[in-house]
Each structure stands twice: as C-alpha cells, then as structure tokens.
Amino acid sequence: MKKIITLALVGAMLSATGITAFAVDYPGGSQDTEIKTTVAPTFTVSIPADTTVAFNDLTTDFGSVTLDSARLAPNKAVQVTIESDFDLNNSVDNEAVIPYSLTATDGTDEETVDADYAATFRTAGEKTDLKINITQADWDAAAAGDYSDTVTFNIAYVDAAE
Amino acid sequence: MKKITVMLLAVLLFCVPCMTAFAEAPEQKGATISTTVPATCNVTFISDGGRIEEGENDLDGTEDFDRRSVHTFHIIPHEGKVIDKVLYGGEDVTAQVKDGYFTTPPLVADMVLEVLYKDAGTPVEPVSEPTSEPTKPDTSKPDSSKPDTKPDTSKPEQSGFPDTSTPQSSDNSDTAKTGDTTTAIVFVIATVTAVSAAFIIVLANSRRKERE
C-alpha cells in the first residue's frame, strides 16, 4: 500500500513540474517531438524607503519607484499603484492631520498621485521619482506633535497596454 | 525511512505549484512618511536704541515661545529716540505698531523681530529752520560780522544730532544776544556823544564867561 502511495506521489510531483520531455520510439516513419518549457517572469521593483520630512519644508524627495531588473513576457508589464489617504496623522490626536500630496515625475512628465495613478514599467532601469508636498498654510495650521502616514505600493504583473 | 520519503514527496507536491503562482501575484510594500512639528518657536529680538518688553520681562537675544501662541511686545525707545521701522520675519510691520505695542500673529515658525530707531529730534529740525534762516542773511551781508557767522553756522549742524532741544533754545538766545549788543553799542555811542557834546557846550560857556 505504501509503495502505491509513494509511486502516486512521485507521479503527481512530476506532472506538476513545468518541464515535460517526451520521447517515443516508433518502429518506422517519422514523428515530430515537441519540447516545452516555461520561463517564469521575474522582476525586481524597488520602492521608496521610510522618509522624514523636515518641519516647514514645502517639498521633500521621497525617492523613486524603479524597475531594477525584469524578465517579462512580451505582452506583459509591471504596474505600480499607490494607496494613501494623503494625511499625516498625529500620533496622539487622531483628528489632527497634516495634508500632503505626492508628485510623480517620469522623465519630463509630472503628475499628481491620486487613486487613479499607475506607473507602468517594461524595461529594467525605468523609474518614477516621487516628491512629498506640504503647503505652508498646512504647516502653519498644524498643532505640535509627531505625525506619520504609510504609503502602500501595489506591484502587479499586468497585460501591457498597446 | 519510507514514511519520511512519503512526507517529503507530499511537501514537494504542494510547494512546486505554489512557487510558480507566487511570481505573478500582486505584491504590496509600504513606506512611512513622518514629520515632527516642534512644540516651541523662537523669536530673536534685535533692538539697538531701545528695549522690548512683554509684561514685565525684558526680551533680549533669542527667546522660546509656545507654538501658535500670540504675543504683544512693548517697544520702548531710549531717551531721544523714536521707532523708525519694525520688521517681523523680514516684513515691515511698522503700521501695525500702536502706541509702541506690536501684537504677533500666532507663532508657527522661528521669527526675528527687529526694531530700527531714529533720533527723536530728526522730524523737529525742519520746524526750527524758519526761525534760524532770517539770521543767516544778516550774518552774510556785513564783512565785519563774519566771525559771528561761523559759530552760528556750526550750531545748526550740531542740532541735527541727539540733543535737539538744547540747540533750539541756544539759537534763540544767540539771536537775542546779537540784537541786544547792537542796541547797547548804539546806546553807548549816543550817550558818549551826548555827554561829550554837553561837556563841550559847558566848557565853551565857561570860557565865554571868563573872557567877559
């Protein structure tokens, strides 16, 4: 019984692997042999590190989203979207916030990051620079204290837009 | 041994498909933005020619205040000085100073309050000019009065400096003195002339009487 289970598991494992090679001998004539393989897509995306904004600074570098390396299918791309409520929240008072905005610069194109923003990369080395903006009026209105917010970067392997 | 082999194969069976699926799954990463808004702001006071007070406290150099607090500073010029200009954070706020008091907007950043002073007599100077001007033509006309004009021309220059009230009164006294001395000399000459004439007449009368 154990031998049967072992054989069954080995069989299941082999069928699960991506590479399948078949060679069948026929007594006469010719027969095509198909070799199949699958190269899994791989890519590395780096995102901005934690950043501290100096008091009263109107613009602060947030780093960049960069496609460091990529082995993608021809019709695929890497898409990065950004989620945030765009408020720095006071550590003590939940109602005290400092509003901020993010600006994404891709080459010469500058765009304000919002819920619809998406950066699409296909080639290693492509990047989008990000800046944090806080207006002087918002600094002036802020109560004393520590503030923070987490920006979430969603990285997805998507169909490339034509 | 067989059991271990079976278990290992079972684990591998689950792992292989998982790894393949993982590469294409969306992934989330986060980055934190943080900042600190200080509880205090400092104000640097620059006041050469006067002092700045809040309540009974003399303010000098740099002082710390609570963020978003509002302050009323009393600017007190030294004697003989008046406020010329008040700069707050580099902005001219002189028009907002009422009776020497300046009230700040809520403090939200480090600021500099600089007060510039001028001599209190400076605006008074033009008022005194009309009274001193008539004396100048008088001193320039006669050649013999040149020595008198030199001290007169030097005194108005001095009056432009701190103690303006003293030169004003000294100017007035100078003009009174020059008028008095002229009158006195004329009076003395007239008296001497009259006495001389009277003496000559008396002497002439006495000589006539002797001849007779």
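In this short talk I will go through how the strands of chain A pair, and then turn to a sheet in chain B. Please keep in mind throughout that what we are looking at is a predicted model.

Let me start with chain A as a whole, which contains two helices and 11 strands. Chain A has 162 residues, of which 18% count as buried. As for its contacts, if we take those between residues at least 6 apart in sequence, then 71% of them join residues at least 24 apart.

Now, which strands does E3 of chain A pair with? One partner is strand E1 of chain A, residues 42-46, which pairs with strand E3, residues 59-71, in the antiparallel sense over five bridges; within this pairing, A:Thr42 has A:Arg71 as its bridge partner. Another partner is strand E10 of chain A, residues 127-133, which is joined to E3(A) by seven bridges and also runs antiparallel to it. Here you can look for A:Thr66, whose bridge partner in E10(A) is A:Lys127.

Let us move to chain B, where four strands form an open sheet in the order E4-E3-E6-E9, with antiparallel pairing. At the edges are strand E4, residues 57-59, and strand E9, residues 101-103, each of which pairs on one side only. From one strand to the next, the twist averages 35 degrees.

To finish with a detail of this sheet, strand E6 of chain B, residues 72-77, runs antiparallel to E9(B) and is joined to it by three bridges, and B:His74 stands opposite B:Tyr101 in E9(B).

Key
Residues are numbered from 1 along each chain as its sequence is written. Chains are lettered from A and ligands numbered from 1 in the order in which they are written. This is a predicted model: local features need pLDDT of at least 70, side-chain atom pairs count only at pLDDT 80 or more; totals for chains, interfaces and linings use all residues. Two strands pair if DSSP finds at least two bridges between them. A residue is buried if 20 or more other C-beta atoms lie within 10 Å of its own, exposed if 12 or fewer, and partly exposed in between; C-beta atoms are placed from the backbone. Two residues are in contact if their C-beta atoms, placed from the backbone, lie within 7 Å. Axes are lines fitted to C-alpha atoms, for helices over the stretch in contact, and angles run from 0 to 180 degrees between N-to-C directions.
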